[in-house]
Amino acid sequence: MAKVLLAGESWISTTTEYKGYDSFTSTKLEIGCDDLLQALRGLGHSVTHLRAHDVPEHFPWTLAELNQYDVIILSDIGSNSFTLSNGVFAGGNPSVNRLELLKQWVEAGGSLMMAGGYLSFGGFEGKAHYHNTPIEDILPVTVAPYDDRVEAPQGVAPQTAQANPISDGLGKFPVILGYQDVTPKADSQVLMTVADKPLLITATAGKGRTLAYTTDIAPHWASQEFMAWSHYGEFFSRCIQWLAGDLA
């Protein structure tokens, strides 16, 4: 099975409670990928989770560090977290462009997946900002320079667009509650759609493989029905297996 680095899919929330004249503030770390981590590890994958607030300083700085992994997953983490380390933002010092480094790693044979979310692809108010970056160069889709979210509170059902080893045999997919509107590149394969828009797209980049999954791995876009789906873990495991070259 694959060695995976999942970067992102966490956040820190601050709550202010007002009790009459007085108030107090509490801060909490939230992890959005606990179910996915448990499912993938249960299926034999070795998964390291790099929380979003640790990405600016601790995402790999060298090809040698990236080579410890078979697959990198970016989930709900914007491009700024890879380019604005403390040395750059606070110190004004030149540093490694880790978006370019990740591109080099993929083209040399690594594998990259981006999952959807408020800080994926274009993202909320365009803040994920992967448009015109080295990551867009290797993804199987082009990314909008603006807010690309499509909210679907009524629920929309993913559909298989062509036979493929990732979704075949998993039956009917539960509804999702939103997705990103992206444009597949000419040399990509659209494996699944939702509301006639691409949902699961794959391609090669140099010697490597890339995969775009344009909705979330966790609520809110992943509905509770999707999270409880018996094939939840198997689906994402197959995405990883395809990226790692273990599925045709």
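Strand S1, residues 3-8, pairs with strand S5, residues 71-75, in the parallel sense over five bridges. Within that pairing, Leu-6 has Ile-73 of S5 as its bridge partner. Two strands pair here if DSSP finds at least two bridges between them. Strands are DSSP runs of E with at least two residues, helices are runs of H or I with at least four, and both are numbered from the N terminus.

A word on the model. It is predicted, so to speak of a local feature pLDDT must be at least 70, and side-chain atom pairs count only at pLDDT 80 or more, while totals for chains, interfaces and linings use all residues. Residues are numbered from 1 along each chain as its sequence is written, and side-chain values use heavy atoms, with hydrogens and water left out.

Back to the strands. S1 and S5 belong to an open sheet of eight strands with mixed pairing, in the order S4-S1-S5-S6-S14-S13-S12-S9. S4 and S9 (158-160) are at the edges with a single partner strand each, so one side of each has no neighbour in the sheet. From one strand to the next, the twist averages 20 degrees. Helix H1 lies across S1 and S4, and runs at about 160 degrees to S4. For that angle, axes are lines fitted to C-alpha atoms, for helices over the stretch in contact, and angles run from 0 to 180 degrees between N-to-C directions.

Next, a hairpin. Strands S2 (residues 10-19) and S3 (residues 22-31) pair in the antiparallel sense over ten bridges. Lys-19 stands opposite Asp-22 in S3. Two residues lie between the strands, and Gly-20 in the turn has a positive phi of about 65 degrees.

Now a loop residue. Leu-43 sits between helix H1 (34-42) and strand S4 (46-50). The cut-offs are under 20% relative accessible area for buried and over 50% for exposed, with partly exposed in between, using a 1.4 Å probe and protein chains only. Leaving aside neighbours within four places in sequence, Leu-43 is in contact with Met-1, Gly-233, Glu-234 and Ser-237, where contact means heavy atoms within 4.5 Å. Leu-43 and Glu-234 are 191 residues apart along the chain, and their C-alpha atoms are separated by 7.8 Å.

Pro-140 is also in a loop, between helix H7 (134-138) and strand S7 (141-142). At 1% relative accessibility, Pro-140 counts as buried. Not counting residues up to four places away in sequence, Pro-140 touches several residues, among them Thr-183, Ile-201 and Leu-211.

On to helix H6, residues 98-107. How many of its ten residues are buried? Seven are, so the definition of buried makes H6 mostly covered. Among the buried ones are Leu-99, Leu-102 and Trp-105. Just after H6, Gly-109 takes a positive phi of about 130 degrees.

Last, the cysteines. A disulfide is a covalent bond between the sulfur atoms of two cysteines. The rule used here is a pair of cysteine sulfur atoms within 2.5 Å, and by it the count comes to zero disulfides. Cys-33 is in no disulfide, and its nearest cysteine sulfur is that of Cys-239, 15 Å away. Cys-33 is buried, with a relative accessible area of 1%, and Cys-239 counts as buried at 0% relative accessibility.
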